[in-house]
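Colleague: Please take a close look at one part of this model. I would like the packing there spelled out, with the cut-offs behind each term.

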Amino acid sequence: MINSIWPETSHAPEFEALKGDAKTDVLIIGGGIAGILCAYMLRQAGVGYMLVESDRICNGITRNTTAKITAQHGLIYDKLIREFGVEAARMYLEANLKAVEKYSELCREIDCDFEKKDSFVYSVDKPQKIENELKALEKIGFAAEFSRDLPLPVSTVGAVKFRDQAQFNPLKFLYAVAGNLNIYENTKVLAFEQNKAITNGGKISAEKIIVATHFPFLNKHGAYFFKLYQSRSYVIALKSAQNVDGIYVDESGKGLSFRNYKDLLLLGGSGNRTGKKSAGWQELHEFARENYPDSKEVRRWATQDCMSLDAVPYIGQYSQKTPNLYVATGFNKWGMSCAMVSASILSDMILGKENEYAKVFSPSRTVLRPQLAVNAAEAIVNLITPTVPRCPHMGCALKYNKAEHSWDCPCHGSRFAGDGKLLDNPATADKKGLKNK
């Protein structure tokens, strides 16, 4: 069955659709984890807000996460020091460690299967990368550890270990948090008009607006169609496999990830840029057959992540020309901690409070990174490709995804079902005339 394990283990609250015009201090667009946490923090601060979601809350990317709560985002800290300096790398780490602690605090009162677990990033053939990361973390002042022997059916040259990270059931957590929030479901934002959002249920006047729609859909500002691309990855849930007692991910981005949920092993991997050819779940099936021959696959699903130019999310003012418009995007596969960081930074900005970490995540920082050229090349190639169908977002040629029977955009990651129904943004409407191959 192509569905994650989280919906069947959680009971979703229901919210009415907006009916008529409304007014609020802050409008939050998007009912995934980032939007819900922003709403929660604004409510705690006594700020008037509304959250609108075009479908049901947590019904998009959030429901497909593997829900690793960690400040260890691959081997990122050596890269951050080289590109931004020691102090910026330290602040990135500190912001995400505080996010992990905030989850620990909130989950004391919420039954969401929260567990403290050690986190590991391993390498199968790059010992120097492991050593460089450990040296980088030492410069920052964080006591990471080297681990040689991992309880995985993968040959490694070692791993970087962070103690006391965490995992949980994301929907149990978010449905509990969302229960008392001011949320409108099935309320789709169709257009902006000065300080108003036009929805299918009425106009919403707001002094400030937060766009938390995974991929920002407003192309006029911020150039997110150049600054972001999307990546798909795949997961299978195995019964009778293995208790790995921790959170594990390959440093290369092409390898496997492991974590348990109750009696299941969640095995992930097979990442690729959306719209590119992929083996889908096949690689995971083959690995499971070889290494867990007595296991049974009970679920499989895929997820999609926004990837920034420099591995740091874009959190803050949507663009330099939009002082009352904010964004949270580009979480680079680490949505749990980055969503909490987003909520902290954006709520402070709206309250007029200085947040010491805001500069690190500023969406207006330099775009002069190698990934920019890659994104531009993909866009140009797929814009001039003389084939149909084409994506309604910006006109790129759609590619058929055999593994998932969908039409995917390699430029910006919009996806459509075989019948044309929109699956993933930044496109905002269905695509007519599609059919499965």
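Modeller: Helix axes here are lines fitted to C-alpha atoms over the stretch in contact, and angles run from 0 to 180 degrees between N-to-C directions. Helices (H or I, at least four residues) and strands (E, at least two) are DSSP runs numbered from the N terminus. This is a predicted model, in which local features need pLDDT of at least 70 and side-chain atom pairs count only at pLDDT 80 or more, while totals for chains, interfaces and linings use all residues. Residues are numbered from 1 along each chain as its sequence is written, and side-chain values use heavy atoms, with hydrogens and water left out.

The part I take is helix H3, residues 86–107. H3 packs with helix H8 (residues 335–351) at an angle of about 95°, their axes 8 Å apart. H3 is therefore roughly perpendicular to H8; angles of 65 to 115 degrees get that label, those under 35 count as roughly parallel, those over 145 as roughly antiparallel, and the rest as oblique. Contact means heavy atoms within 4.5 Å. H3 contributes Tyr92, Ala95, Asn96, Ala99, Lys102, Tyr103 and Leu106 to this contact, and H8 contributes Met336, Ser337, Cys338, Met340 and Val341. By class these residues are 9 nonpolar, 2 polar and 1 charged (Ala, Val, Leu, Ile, Met, Phe, Trp, Tyr, Cys and Pro count as nonpolar, Asp, Glu, Lys and Arg as charged, and the others, Gly among them, as polar).

H3 also packs with helix H2 (residues 77–84), at about 140° and with axes 7 Å apart. H2 and H3 are therefore oblique to each other. Tyr77, Leu80, Ile81 and Phe84 of H2 meet Val86, Ala88, Ala89, Tyr92 and Leu93 of H3. That contact has 9 nonpolar residues, no polar and no charged ones.

Buried means under 20% relative accessible area, exposed over 50%, and partly exposed in between, with a 1.4 Å probe and protein chains only. A nonpolar core is a set of buried Ala, Val, Leu, Ile, Met, Phe, Trp, Tyr and Cys residues joined through side-chain atoms within 4.5 Å. The largest such core has 87 residues, and Tyr77, Phe173, Ile210 and Phe361 have the most contacts inside it. H3 gives the most to this core, with 11 residues.

Helix H5 (residues 170–178) is mostly covered, with 7 of its 9 residues buried. Phe173 is one of those buried residues, which also include Leu174 and Val177. The buried residues of H5 pack against H3, helix H1 (33–44) and strand E7 (183–184).
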